[in-house]
Amino acid sequence: MMKAKTILGALCATFLTSISAGAQQINGVPGSPSATTTIPGDQLPAPPEKFGGKIERDATKSKPYWPARIVPPKGAPNVLLIITDDSGYGVPSTFGGVIPTPALDRIARDGLRYTNFHSTALCSPTRAALITGRNHHSVGYGVIAEQATGYPGYDSIITKDKATIGRILKDNGYHTAWFGKNHNTPEYQASQAGPFNQWPTGMGFEYFYGFMGGDTNQWEPGNLVQNTTPIYPYVGKPGWNLMTAMADEAIDYVNRINALSPDQPFLIKFAPGATHAPHHPTPEWVKKISDMKLFDQGWNKLRETIFANQKKLGVIPQDAKLTPWPKDLIKEWDQLNPDEKKLFIRQVEIFAAYVAYADNEIGRVIQAIDDLGKLDNTIVIYINGDNGTSAEGQPNGTPNEVAMFNGANPGVEEQLKYFYDVWGTDRTYNHMSIGWAWTFDTPFSWTKQIVSHFGGTRQGMAISWPKVITDKGGIRHQFHHVIDVVPTILEAAHIQQPKVVDGIKQSPIEGVSMMYTFDKKNANAPSTHKTQYFEMFADRAIYNEGWIASTKVLRPPWVTVAKLPSPADYPWELYDLKNDWTQYEDVAAKNPAKLKELQELFLKEAQKYQVLPLDSSVVGRLVTPRPSLSAGRTSFTWTRPLTGTPNGDAPSLLNASYNFKVDVEVLQGGAEGMLITQGGRFGGYGFYVLKNKPVFTWNLVDLKRVRWEGPDLTSGKHVIEFDFKYDGLGPGTMVFGNYSGVGAGGTGVLKVDGTAVATEKVEHTLPFILQWDEALDIGSDTGTPVDDNDYSTPFTFTGKLNRITLNIDRPRLSPEDIKRLEAAARAAGDGPSTDGGKASTETAAPQVSGDIGLDLLQKVELRLDKREGCRKQAEVQGLGRLERIQFVRNCTQ
């Protein structure tokens, strides 16, 4: 009887253990080296399997037992998750565009096209939502990482209660890899000091080959890493291009893991830099597209062509209306002069070549999976763009995106003269005119950055899974959002969202699965995604079951500084999407009750998902103080070469006084090479020795270079010094709606052993940002040179570098400064805030510069000349400081 009770107790204990462990099932002989198990997945990592062998004092009497290897549920598919960059609904041929995208066509032909799929209208936020299944504010990405502010919805931190799809699948037995753009590491955690938990390898992706940040030079990417190590594979390889290199890497990866573990499924995130600026296709693709003459009739005719194609393909309803051209903001094609047309066609042909080139490389990756016989059970999700096409290129386009973000740009004549022939090569960081951006978002209005209108958020997407999707070539019109991708993948793999990861309770996934749409019988089923809020830079909208309430667009995306009303005072519009697919007719006046209902719903969603506080500022957030390795520090010392410190962790010299002292030893016969540099060809500074002469160069976004040069250095020890005194009040003035404190001039002095050898006055400095895809380097230069006429990278210093010190003196507003700025703001009708105070909603419209029709270089020069002239007038009149500020402000305007 006792023996029976003992056996029964043991059986009960075993049963209870299996229940508590989630009833894991062992495949094969338990304890054998080949045993596998599929875990419940509610707890990650899975609890260790209990040792099932026997341990005695003597190994010959013991029995070994290996923990079972974790594998996904039987039949779990491979996942290829593709997302391109800055590409609107009307770009690819798959959704009516004229640019050939055969790889996307292939996925649509073998699977389904989704015509009502949405992004967040900006890079980092969409990608954070894509990998977590949560809204972008829920995971700290209300804006891009470089604009992070100290609020939970905006701090660029994906907290540990929101595990990514990479982490979930990896712990369930998948191989996981990420290729291309990573815009989801906080800018201030991107250095080699880490921490690395917010890098791809720390978010569940076992292998990473890509670039850190929003974009990169495709010819010479200074921010390229492999796992967590900076790499420079392009050095000494003319014609090397990252788009091809990352496709090669992905193909090598999938072949490698297939050879090593052919039965283990994979998740690959493939995220090209294309077609974010800079547009860098290879010459053969430029020729292919140029020869097609796709754009000679201009953007208005192209828009009509795309719209007609979309109706033929059935990717828009037959009764859809084409939204009107914004004549008050963008010239019609027939209004352009021949030089403008010539330049703009060149710009768009390079963009289109980049689209086609990227799609071709994506096609190579897809084909590699097919060649391995794995495509049948691979779910391919190909999302065309992480937001609408970018209008950040300004009215005339730009040869240098870094210049645009600093408020400067050459005009059409200068671009034709100096940049036309090298457009898209390593000599440009190029972007196209806003007219093309608007056109490529056909049939919708607006572009990237705008969430209130579908030009910014509607992305063409195709999904194939040959083993499961039988309605090949089908079209799905259900409303869905980027947060729905993670739950779709989990349902397809029969893997649940974990309840606990690393001991931390997980917040619920906020998206819904789209897998119901894979079944042909659900082709016209109602969407399971009923409600979705949108917000970006205080532009906002709320979708609910066929209705969308949207704020009026008050700042065109190409205007980074504008006087706007308080976000609470934005006017709203209302659209009935069941009868108006393109947001053509605002029906707010006819449906005031519905509008009010949706406005109240937006506020509830905003409070639920960490959207508050609303903030309309754009460029000002680039200089917002953030945690970093340099935060709070004014003194820095380096005693040995060090490369690869990104801007987010490097000390910033912008809008400040500073002093470099470099202790070097020049060997017999002289020396040359880089001492310290930050940035490169498209904006930055370099302190170096050139043919034995000390040089300090400021590259003002490739439009001007200011240079200090000293005499030959004798052999032996020297202290080379560069001292800069800044004239402005600093970024603190921006709090009062006043940008005069940034980008001011100053005086630089180059010294050798305490003696001044060169003095130069700089009229204006860079106000906001250096070239972001390059790093701070000591002892050599990675990426591109600050002056190609002086040296080529890596330009390693050939002398002995003993010590570099940097001391920074940042301006601080005095109590008197603050009072005067407050008074000036009140006199101008502005409040002391980054929004510039409230404006009447009766005239709420984009309040931008009246000289918007000028090319940007002319505009900037005009403003700078006017401001300098106004300052001199104020000095002549002997005005006090407060009166001087008011006079200069009013005079400049």
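Tutor: Happy to. A cavity here is a set of grid points where a 1.4 Å probe fits but cannot get out. Keep in mind that this is a predicted model.

Student: How many cavities of 30 Å³ or more does the search find?
Tutor: The whole structure has 6 of them. The largest cavity has a volume of about 350 Å³, and among the 29 residues lining it, A190, M212, N223, P646 and W772 are the closest to its centre.

Student: Which strands supply at least two residues each to that lining?
Tutor: β9 (224-226) and β23 (642-646) do. Domain 1 (78-609) and domain 2 (628-813) each give at least three residues to the lining of the largest cavity.

Student: And what about the second largest cavity, what is its volume?
Tutor: About 290 Å³. Its lining has 21 residues, with I144, E146, H276, E401 and F405 nearest the centre. By class, they are 10 nonpolar, 6 polar and 5 charged.

Student: Switching to pockets: where does the second largest pocket lie?
Tutor: Between domain 1 (78-609) and domain 2 (628-813), because both give residues to its lining. The volume of this second largest pocket is about 1200 Å³. L622, V623, T624, P625 and S652 are the closest to its centre, out of 44 lining residues.

Student: Now the open sheet: what is the strand order?
Tutor: The order is β22-β33-β24-β29-β30-β31, with antiparallel pairing. β22 (635-638) and β31 (755-762) are the edge strands.

Student: How many bridges join β29 to β30?
Tutor: There are 7. Take K725: its bridge partner in β30 is T747.

How values were computed: Residues numbered from 1 in each chain as written. Predicted model: local features only at pLDDT ≥ 70, side-chain atom pairs only at ≥ 80, totals over all residues. Heavy atoms only, no water. 1 Å grid on protein atoms, 1.4 Å probe; cavity = no way out; pocket = protein on both sides within 12 Å on 5 of 7 lines; lining within 4 Å. Points joined across faces, edges and corners; volume = space filled by probe spheres on them. Domains from an automatic or database assignment. Pairing = 2+ DSSP bridges. Helix = DSSP H or I, 4+ residues; strand = E, 2+ residues; numbered from the N terminus. Nonpolar A, V, L, I, M, F, W, Y, C, P; charged D, E, K, R; others polar.
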